[in-house]
Amino acid sequence: MPFFILFLLIAGLAVIGWVAARGRALQLSRVHDRRPHSLPGHHGSYVALWLALPALMFLTVWSAVSPGLVEQSVLASPAAEMLPEAGIQRTAILSEAGALADGTMAAAFNEEAEALVPAFREANAFYRTIGIAATLVLAFAGGAFAFLRVRPDFRARNRVERVVMWALLIASLIAILTTVGIVASLLFETIRFFERVSIVEFLFGTDWSPKSATFGGDEGSFGAIPLFWGTVLIGAIIAMIVAIPLGLLSAIYLTQYAHPKVRTVMKPVLEILAGVPTVVYGYFAALTVAPAIRDFAVNYLGVTSASSESALAAGVVMGVMIIPFVSSMADDSLAAVPGAMRDGSLAMGATHSETIKRVLVPAALPGIVGGVLLAVSRAIGETMIVVMAAGLAANMTANPFESVTTVTVQIVQLLTGDQEFNSSKTLAAFALGLVLFIVTLLLNVVALSVVKRFREAYE
Amino acid sequence: MTQTALTQIAEKRNAVEVDTPKMTARNVDVFYGAAQAIDDVSIDIGMENVTAFIGPSGCGKSTFLRCLNRMNDTIPIARVTGDIRLDGKDVYDSSMDVVQLRARVGMVFQKPNPFPKSIFENVAYGARIHGLASSKAEMDEIVERSLKRAGLWDEVKDRLPDSGTALSGGQQQRLCIARAIAVDPEVILMDEPCSALDPIATAKIEELIHELRGRYAIVIVTHNMQQAARVSQRTAFFHLGTLVEYGDTSELFTNPHEERTKDYITGRYG
């Protein structure tokens with residue numbers, strides 16, 4: 001019986017349990033002639049939960065454990081004695097035999113596998129029967145235990161509430177644990193990297209030229225300063241020069257000047273910018289903006305070194321991409337400034353724009369700064385645009401018409417294609433990822449605390 | 001006495017005119033969308049007086065007050081008709097610049113609303129906007145004079161760079177009065193200036209209104225009848241968007257002419 005049929009069976013039993021317990025509770029409340037503590041539905045849910053949860057938990061654990069048990073019993077069988085002692089051959093034969101037994105494979109490559117099939121079938125059937133039986137026993141035991149507790153004064157309502165609380169807690173823990181897991185994996189690989197390359201060279205070196213060292217030769221150098229500089233130039237300087245004024249001014253227009261009808265149209269349209277896939281921005285940058293900027297630089301500014309993959313093209317397009325972030329945070333902060341503040345200024349005879357410049361924007365500034373920091377953290381982690389438009393050369397240049405590279409671009413470069421996962425080159429990607437993670441994390445923490453303090457001031 | 005004589009006396013007592021009018025309003029209507037908030041109100045605001053507007057909540061007294069410095073302009077759906085004049089000049093006329101009008105007719109709000117700036121900058125705000133000071137020394141003088149007039153100087157003179165929002169509620173409200181005074185207005189409108197304050201802070205504001213009287217024409221909206229009796233010389237009673245009765249404060253409170261006024265001041269409703 002496959003897993004999901006068993007699952008359906010348990011679910012069906014839970015429904016039956018729910019109906020039965022609800023009926024029992026209704027009946028009891030009639031007999032005892034007083035209002036029971038919990039509604040009949042709560043008793044029903046209580047029984048259904050007791051019936052389904054332990055059984056399904058066991059089923060989950062069992063399906064994780066049983067393949068190991070099956071393999072053990074197969075290895076203990078007489079047919080397993082002819083297996084090679086260890087190594088790839090042994091594993092291959094075992095997994096082939098397993099697949100043959102399941103019917104997912106029609107014929108074996110290794111003839112030895114055929115011999116193991118009966119043992120596999122036998123073990124499979126044995127453990128499957130145990131699993132199904134135990135699951136059903138658990139379901140019935142749980143259901144019966146809960147059903148016997150159905151009484152008018154039994155507080156099923158509170159117990160069901162507690163299960164809800166646990167379910168919510170687990171849901172949030174999964175998200176947190178995933179983050180912890182990501183950090184841990186980054187951290188371990190990074191430590192391995194720093195066993196090969198010194199941390200000082202990585203953080204302060206200015207020469208970035210990782211090579212594939214197939215035979216233990218020269219692995220190149222890993223000075224990441226050019227990457228950090230390229231990231232800052234594109235994400236924190238050029239993109240912000242575009243996004244801060246445009247985002248802020250559009251937020252001011254939308255909150256202060258726009259007619260409500262205009263606002264209901266323009267605000268969603270502006271937010272569509274945030275929904276455009278970044279790869280689309282990427283080819284817009286690479287195919288349209290970058291050549292235009294290069295031609296402009298060469299023909300009108302006389303910058304002959306202008307590259308067709310320029311920092312400016314990537315930065316400008318990235319700036320456009322994050323306009324909605326800046327503008328929606330600025331919009332919220334401006335809207336959060338109390339109307340009394342605006343009225344106070346207008347009543348002093350200030351004009352609309354004076355009020356905005358001298359009162360509203362200063363009052364909303366913490367929120368706006370928070371939005372900008374969030375936008376920076378988003379920009380420096382952005383990948384597709386820079387991969388397509390910024391180039392690969394690790395240049396240390398302040399000339400925006402030249403090609404620079406960023407942390408994210410290099411991570412993509414280091415990890416794409418067939419790579420060995422124990423060379424300095426691939427491990428460097430994890431070190432870069434960790435740096436990126438730490439920087440964006442700090443930016444987010446600072447931004448959120450700034451925004452939070454601002455909110456407290458006005459609530 | 002004949003019926004006509006009685007009516008004549010009634011008309012005289014309910015006269016909207018004062019001897020030295022600073023502002024005059026005639027047949028003012030205010031609409032919010034389709035709803036009428038003010039219905040045909042005519043009233044004079046005297047130069048030498050503190051004028052109080054009283055009435056139950058939603059009677060239109062604040063709405064009418066906000067017509068006097070055109071603050072209703074900031075509400076898109078509000079529409080004001082009728083004739084409101086400041087020193088004989090129509091404030092709703094296209095030749096009247098709203099920036100200048102508001103410099104001459106200052107306003108203090110219900111809730112203290114200092115700007116999130118220093119105490120000094122709060123008071124200097126209007127002077128900066130209207131370009132009243134040409135030097136740092138002049139600005140210092142304006143700030144000091146305004147704070148002194150608002151009775152706040154002694155409390156804040158050592159902490160002028162501190163944020164205005166760090167002051168207590170009563171101090172914030174006096175800061176807002178100082179801010180309004182700093183541009184040297186002729187009329188000061190106060191919209192329930194004490195409703196968010198404790199009794200001690202309220203007493204200080206009332207004392208301040210006494211001191212400011214004569215220098216500025218003051219209009220105060222209040223839902224507190226004792227306050228109106230304490231601080232004002234003239235009182236206007238509004239009800240359901242109309243001006244029911246307007247007269248000397250002492251007269252209106254001791255010998256109200258209209259039945260509705262009498263019911264209100266004796267606490268029958270409101």
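Mentor: What follows is a chat about the terms used for this model and what backs them.

Mentor: Ground rules: this is a predicted model, where local features need pLDDT of at least 70, side-chain atom pairs count only at pLDDT 80 or more, and totals for chains, interfaces and linings use all residues. Residues are numbered from 1 along each chain as its sequence is written, while chains are lettered from A and ligands numbered from 1 in the order in which they are written.

Trainee: What is the mean pLDDT of chain B?

Mentor: pLDDT is the predictor's confidence in each residue, from 0 to 100. Chain B averages 89, with 94% of its residues at 70 or more. The model has ipTM 0.87 and pTM 0.73.

Trainee: Why is strand 9 of chain B called largely enclosed?

Mentor: A residue is buried if 20 or more other C-beta atoms lie within 10 Å of its own, exposed if 12 or fewer, and partly exposed in between, with C-beta atoms placed from the backbone. In strand 9 (residues 234-239) of chain B, six of the six residues are buried, so the rest of the structure largely encloses it. Both faces are covered: B:Arg234, B:Ala236 and B:Phe238 are buried on one side, and B:Thr235, B:Phe237 and B:His239 on the other.

Trainee: Which strands pair with strand 9 of chain B?

Mentor: Strands (E, at least two residues) and helices (H or I, at least four) are DSSP runs, numbered from the N terminus. Two strands pair if DSSP finds at least two bridges between them. Strand 3 (residues 50-54) of chain B has four bridges to strand 9 of chain B, in the parallel sense, and B:Thr51 stands opposite B:Arg234. Strand 10 (residues 242-248) of chain B has six bridges to strand 9 of chain B, in the antiparallel sense, and there B:Phe238 stands opposite B:Leu243. In that hairpin, with two residues between the strands, B:Leu240 takes a positive phi near 50 degrees.

Trainee: What makes strand 2 and strand 5 of chain B edge strands?

Mentor: Four strands of chain B form an open antiparallel sheet in the order 2-1-4-5. Strand 2 (35-46) and strand 5 (89-90) of chain B each pair on one side only, and that is what makes them edges. Strand 2 of chain B is joined to strand 1 (residues 21-32) of chain B by eight bridges, and B:Thr24 has B:Asp44 as its bridge partner.
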